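Trainee: I would like to learn how to read a model like this one, feature by feature. Can we begin with the aromatic rings?

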Amino acid sequence: MDLRILLIATLSAVLGGSWAQQEGSVCIKANAQSCGECIQVAATCGWCSDEAFHTVGEAKSARCDDVESLKKRGCAVAKIENPRGKQDVNMNKPVTNRNKDDGKKLSPEQITQIAPQKITLTLRSGEPQTFDLTFKRAEDYPIDLYYLMDLSFSMKDDLENVKNLGTQLMEEMKKITSDFKIGFGSFVEKTVMPYISTTPARMLNPCTGNQNCTSPFSYKNVLKLTSNGDTFNTLVSQQQISGNLDSPEGGFDAIMQVAVCENQIGWRNVTRLLVFSTDAGFHFAGDGKLGGIVLPNDGKCHLENDMYTMSHYYDYPSIAHLVQKLSDNNIQTIFAVTEEFQPVYKELKNLIPKSAVGTLSSNSSNVIKLIIDAYNSLSSEVILENGRLPEGVSISYKSKCKNGVVGTGENGRKCSNISIGDQVQFEVSIESQKCPSHGKPETIKIKPLGFTEEVEVVLNFICDCECASKGEDNSPKCDSGQGTFQCGACKCNEGRIGRLCECNKDEVRSEDLDLNCRLDQNGTDICSNNGDCVCGTCECKKRENPAEIYSGKYCECDNFNCDRHNNKICGGHGRCDCRKCICDANYSGSACDCSEDTSSCLAKNGQICNGRGICECGTCKCTDTGFQGPTCEICPTCPGVCIAHKDCVLCRQFPSKDKDKKPCDTKNCDYFDLVPVETRDKLPIPTQTYPITICKERDEDDCWVYFTYAVRNKTNEVYVVQTPDCPTGPDIIPIVAGVVAGIVLIGLALLLIWKLLMIIHDRREFAKFEKEKMNAKWDTGENPIYKSAVTTVVNPRYEGN
C-alpha cells in the first residue's frame, strides 16, 4: 500500500494543481481505508468525516476525494479533514554587520553569516514547504591556513622559497583578516616497497650522490596552527628533502590525516584552508596493492608524535572518501601544482567541492600570490549543501544573487562574485512524498560549503488526521467493538474488514455472503459485475472519471449508461439516474433529444411548418408530400415563383401586348401590389430579413422582363422594370460592305504573293547563270579541241655549247 500511495502522490505532484478532476481520480483510486492513508495520497486529497456521507453501495474509500469534489458531493466544509503543513522559526539571529576597523573584536562564535539557524517544518505529503535563507560574508572573519608540502627530492628548490613564507603570508593575510593562523606539514610516500627503497642505506639517505636527505616518511605534522609567523619560518627552515622511487606521491594519505586530526592540527571553527603543494601526481585507493596493502583507509587519525604511523597498514584513501572528510570538516583545498600537472588537478578539482587550482612556479616563488588569488576565488562563491535526506523527502534550491541574478536547479545552490559584506538569499523548498515508517521527526543540516555555520531543519510529518485522535476504540458502531470509530468511519482491527468491520478476512468470499450480493438470486453475477462483495454488502467499483459512479444496493445503477444524443448523455438536456434520463423542462424522449420548443419550426410566413406539416421535437414533419425542407417551404415539383406570377405581371404592366387576348381578370391578378421602376438597378435587393425572389422572364416578342416578388407584412409586392429589354435586328449594309471588302482584299493579297514568288524565282535563275559563266575553262578565241603539230624535245647532255 505504501508503495502505491507514493507512486500516486508523485504523479499528482507532477501533474500540478490545475487538473482537479484527474487529481480527484487519483485520490479515489488510492482506495484509502482511513483518513491517514487518504491525506498521504496527494496534497489535494481530503477525507469526509461526516458519518452520514455514505450512500448505498459506496465503499469506505469514497470518503477520500479532492476537496472540491467532496463539497460538490454534499460533504460540509467543517467535516472535511484536510490538514496543511506549516513552518516555525526557532532561532534567527541576524547576520553580523561590522567593520574590522571599528576595533571591536569578535570570537568566531559571535559572528553570524547565515540566518535563520534553526527552523521546524511540518510536512504534509505532496505539499512543499518553502523558506528563505540569508547569507552574508562577514568582514574580518578568522582564517586558518595549513601548508602541506611535498618534500620529495624534486621539490628541493621549492623548500628554500617556502622557508620565509610565514611572515610574508602573515603580512598579506592581515589585509584580509586580523585573526590568522598558519601551520605546516610535509609528505613523501608510504615507507614500503616499491614506493621507496627499503635497503638500510637508502632508508637513512634515499638520495644519490653527495645529496644529504632525510629518511623517507609518509606524512609529518611539522607545525600546529599558530599566529606566529617567525615560528613557521624557523621550523620550516629546519626541514630537509627526502626521496622516493616512483613519480606519484602519497599526498592523499597526508590530506586525510590533516582533515581528520583536528586537535593535532589545531583547527578552529573558522574558515579552514589547506594548501597542497606538489610537482607530481598522486596515488589513490587500490594503488596500495603494489606494496601488499589491501585494507581500505579507515578515515581516522593515526598521528603519533606528529607522524602518520599506519601508512604501511592502510591503503590510500579514495577521492570520494577525501571529498566526504573535507566536507565534514569544512576544509577548502588549494592545489598549488606545477604547470605540467595542471590538467590532472583541474579534473580533481571538479570532484572536490570548494577547491581551487593554482599554477606553481618551478621554485614556488609565486606561492603567496597563488594562495591569495585562490582564497579570493573560493570565498567569492557560496555553495549550499545538505546532509542525508530521509526516505521520501526531496529538497530544491533557488538562489537570488547579486545584480538580480536568479539560479534554479543545481545553479540554485550557489552564488558567485560575492564580495565581503554582500548579502544573498536562497529559497529552499522541502517536500515529503510519504511518512517515515517510524513516524518520528527527522533532522537535516544545510550549510555553505567551507563554513562551519549551518541551519538545522527539523522535519515533522503529518501522518494522520486530527480527528483520528478523537477516535473511539472498540466502538460498538464497528460490529460490537471490532474496530475504532474515527473520522466518521470504522478503522478495523487486525483481521477484520468491511465498512463496519463485520467480517473476518477468511470469510469474505464465502457463498453465504455472496448470496446477499446477487440482484438475481438464481444468477451468478456478484454486485452486477460492477463491484465487490465485502461481508455480504456490495462496494461498487470506482471509475477513472470521478464524475461517473456506480450505485444501488447491488451496484446495478450508474449515471453514465443512459441514451445519448449528439454524443452527449441525455442529449445534454437532462441527468442520468440509474440508466434512465430525467429530462429538463421543455425536453422529452429517451435521450432528452426531443425539444418542445416550436420556434425552430416557424416558416418565413410565421406559420408553423408553413401550414403544411407538424412540429415534432423541434423539427418539421411535412404532411403535404409536395413540400419539404426544415420548415416545409420547398416544393421541387411546384411551378417556379417567377413562372407562377409572370402572366399577371405582363398583363398588368404591359396590357398593350395582350390585345388579342382577354383582358386581365382583376379578381385573379390583384393579389399583389405592383410597383414599376425605371431601371434594373432600382429593383429591391434581397436581405436576410427581407427575402426576395428575382425574376427574369421572356415575353412573346422575345423581350426580357425583369421583376421581383416578395412578401412584406403579409402583403405580396411586385417590383417591375417599366421597359422590357428587347433585342435589336442586324444592320445589313455594314455586313455586305464587310463581305465585299474582304473578298477584294483577299484577291489583292493573293496577287501580291504570286508576284513576290516570281521575282524570287527569276533572281535565283540569273544568279545560277552568272555562277556558271565565271567557272568556264576555255576562252572564246581558242578552239578547245585544237592540238599543235610541233613537239619540242630537250637533249639532257646538251649544255649550251
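Trainee: How many aromatic pairs does a search of the whole structure find?

Mentor: A pair of aromatic rings is described by the distance of the centres and the angle of the planes. This is a predicted model, and a search through the whole of it gives 14 aromatic pairs. Take F187 and F276: the ring centres are 5.2 Å apart and the planes are at 10 degrees, so this pair is stacked.

Trainee: Which parts of the chain does that pair tie together?

Mentor: F187 belongs to strand β9 (residues 180-187) and F276 to strand β11 (residues 271-278), so the pair ties together parts 89 residues apart in sequence. Both F187 and F276 are buried.

Trainee: Why do F282 and Y345 count as buried?

Mentor: The cut-off for buried is under 20% relative accessible area. F282 has 15% relative accessibility, so F282 counts as buried. Y345 has 1%, so Y345 counts as buried too. Ring pairs link these residues into a cluster made up of F187, F252, F276, F282, F284, F335 and Y345.

Trainee: Where does the charged end of K477 sit?

Mentor: A ring can also have a charged group over it. The charged end of K477 sits over the ring of F485, 4.5 Å from the ring centre. In the case of K696, the charged end sits over the ring of W704, 4.6 Å from its centre.

Trainee: How do strands β23 and β24 run?

Mentor: Strands of a sheet pair through backbone hydrogen bonds, either parallel or antiparallel. Strands β23 (residues 483-486) and β24 (residues 489-492) run antiparallel and are joined by 4 bridges. Q486 has A489 in β24 as its bridge partner. The two strands form a hairpin with 2 residues between them, and C487 in the turn has a positive phi of about 55 degrees.

Trainee: What is the order of the strands in the open sheet of 5 strands?

Mentor: The order is β5-β7-β20-β17-β18, with antiparallel pairing. At the edges stand β5 (114-115) and β18 (406-408); each has a single partner strand, so one side of each lacks a neighbour in the sheet. Within this sheet, 8 bridges join β17 (residues 393-400) to β20 (residues 423-432). One of the residues to look at is Y397, whose bridge partner in β20 is V428.

Trainee: Which side chain of opposite charge is nearest to K136?

Mentor: K136 is in strand β7 (residues 129-136). K136 is buried yet has no salt bridge, and the nearest side chain of opposite charge is E139, 8.3 Å away. Leaving aside neighbours within four places in sequence, K136 is in contact with V95, T96, N97, Q113, G421, D422 and Q423.

Trainee: How many helices and strands does the protein have?

Mentor: There are 17 helices and 42 strands. Of the 801 residues, 44% count as buried. Among contacts between residues at least 6 apart in sequence, 61% join residues at least 24 apart.

Note on methods:
Residues are numbered from 1 along each chain as its sequence is written. This is a predicted model: local features need pLDDT of at least 70, side-chain atom pairs count only at pLDDT 80 or more; totals for chains, interfaces and linings use all residues. Side-chain values use heavy atoms; hydrogens and water are left out. Buried means under 20% relative accessible area, exposed over 50%, partly exposed in between (1.4 Å probe, protein chains only). Lys and Arg count as positive and Asp and Glu as negative; His and the chain ends are not counted. A salt bridge is a side-chain nitrogen of Lys or Arg within 4 Å of a carboxyl oxygen of Asp or Glu. Contact means heavy atoms within 4.5 Å. Rings of Phe, Tyr and Trp (its six-membered ring) pair if their centres lie within 6.5 Å; planes under 30 degrees apart count as stacked, over 60 as edge-to-face and the rest as tilted. A charge sits over a ring if NZ of Lys or CZ of Arg is within 6 Å of the ring centre and within 35 degrees of the ring normal. Two strands pair if DSSP finds at least two bridges between them.
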